[in-house]
Amino acid sequence: MLNLTEGAVAAADVPEGAGNTYTLTSGLIAPDGTTPTVAFFNAGYYLNELEFTVGADGSVTIGLSKTQTYDNDYEVVGAWNLYYLGDPTPEEECTSLIVNPTFDPAKGDKNTGYIEGWTTTAMNGYKQYSVSYNRAPFELYQDLSGLEEGTYKVTVHTYYRAGYWNEDLYAQTSEKKYTKPVLNLTEGAVAAADVPEGAGNTYTLTSGLIAPDGTTPTVAFFNAGYYLNELEFIVPADGKVRIGLSKTQTYDNDYEVVGAWNLYYYPNGLPTDIEGVEVDGSAVVEGIPVAFYSLSGAQLAAPQRGFNIVKYSNGLSKKVLIP
């Protein structure tokens, strides 16, 4: 469930009619009470999504549940929508096509900059089945060949501590480059009760959530399933693709740890159209975008840098970060 901070907006994007609001320590604005919350809902904020499979009996219970009470906790619930996505798409794991996908400690050396199977620059650390980079632009990639023509998904556990600044997961074929901003540190942060065992050093963010500080705690978060980045792409008839991470600029105190990679093949394609269009080089995977809106609900002639509300040809809308 999204928390109050995750739909907060800049002052210029506060929806019309919001009324009472909070100014958070980050400087962003969040609703205070039912009327402003409904204004935020109507503008597309605080949209929670969950996908599930219905069994042969055709029945399902949908709902919300809160099992504990905290000082000053509060929730407003708005409109519900239900969408049928079709039958599950068969998935075939083909991670074995990636050489050294887990960064085996015996297959690399930070002192020489060597990682078996991978090409990289500016490596800062290689241990605990991870590779790390600190305060430097870098490249990390591997060229794959001999793949079946068709639709794939690559996943990797990683985050970029400085935010969404020129840091991308990508898959590049002879026909197209698919890119997606890497998750930032806040997006895998958890409540204190959910910190993985063995995490060790952590940050307490202004939201009160906990994030890893250093390689050992980051690997503990990865092993618990946090900071999983996913990118879907299409391999053409030549069966070749380059998968990788790229950071082109350096910011104060930026840092990244990269964990295990996985690769999946979808012989029947995906239920969504990943061809779509490209927005500033980033492949959109929810269908074909038909309209763009600011966070305040104003329609845009073209997408803008930052968060946009994108309406797709399949009727869905989603908040999308345009880097």
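A residue is called buried when its relative accessible area is under 20%, exposed when over 50%, and partly exposed in between (1.4 Å probe, protein chains only). The structure is a predicted model, in which local features need pLDDT of at least 70 and side-chain atom pairs count only at pLDDT 80 or more, while totals for chains, interfaces and linings use all residues. Residues are numbered from 1 along each chain as its sequence is written, and side-chain values use heavy atoms, with hydrogens and water left out.

The protein has two helices and 23 strands; these are DSSP runs numbered from the N terminus, with helices (H or I) of at least four residues and strands (E) of at least two. Of its 323 residues, 41% are buried. Among contacts (heavy atoms within 4.5 Å) with a separation of 6 or more, 61% come from residues 24 or more positions apart. The accessible surface is about 17500 Å², and carbon and sulfur atoms hold 48% of that area. Accessible areas come from the Shrake-Rupley method with a 1.4 Å probe, and for residues only the protein chains shown count as cover.

Strands pair if DSSP finds at least two bridges between them. E16 pairs with strand E9 (residues 138-144) in the antiparallel sense over seven bridges, and Leu144 has Val241 in E16 as its bridge partner. An antiparallel pairing over six bridges also joins E16 to strand E11 (residues 167-172); here Asp168 stands opposite Ser246 of E16.

The structure contains three salt bridges, each defined by a side-chain nitrogen of Lys or Arg within 4 Å of a carboxyl oxygen of Asp or Glu. In one of them, the side chains of Arg242 and Asp143 meet with an N to O distance of 2.6 Å. This pair links strand E16, which holds Arg242, to strand E9, which holds Asp143, across 99 residues. Arg242 counts as partly exposed because its relative accessibility is 27%, and Asp143 also counts as partly exposed, at 47%.

Glu230 and Lys153 form another salt bridge, with their closest N and O atoms 3.4 Å apart. Glu230 lies in strand E15 (residues 228-235) and Lys153 in strand E10 (residues 150-160), 77 residues apart. Glu230 is partly exposed, with a relative accessibility of 33%, whereas Lys153, at 12%, is buried.

Asp254 and Lys247 also form a salt bridge, the closest N and O atoms being 2.9 Å apart. Asp254 is buried, with a relative accessible area of 0%, and Lys247 is buried at 4%.
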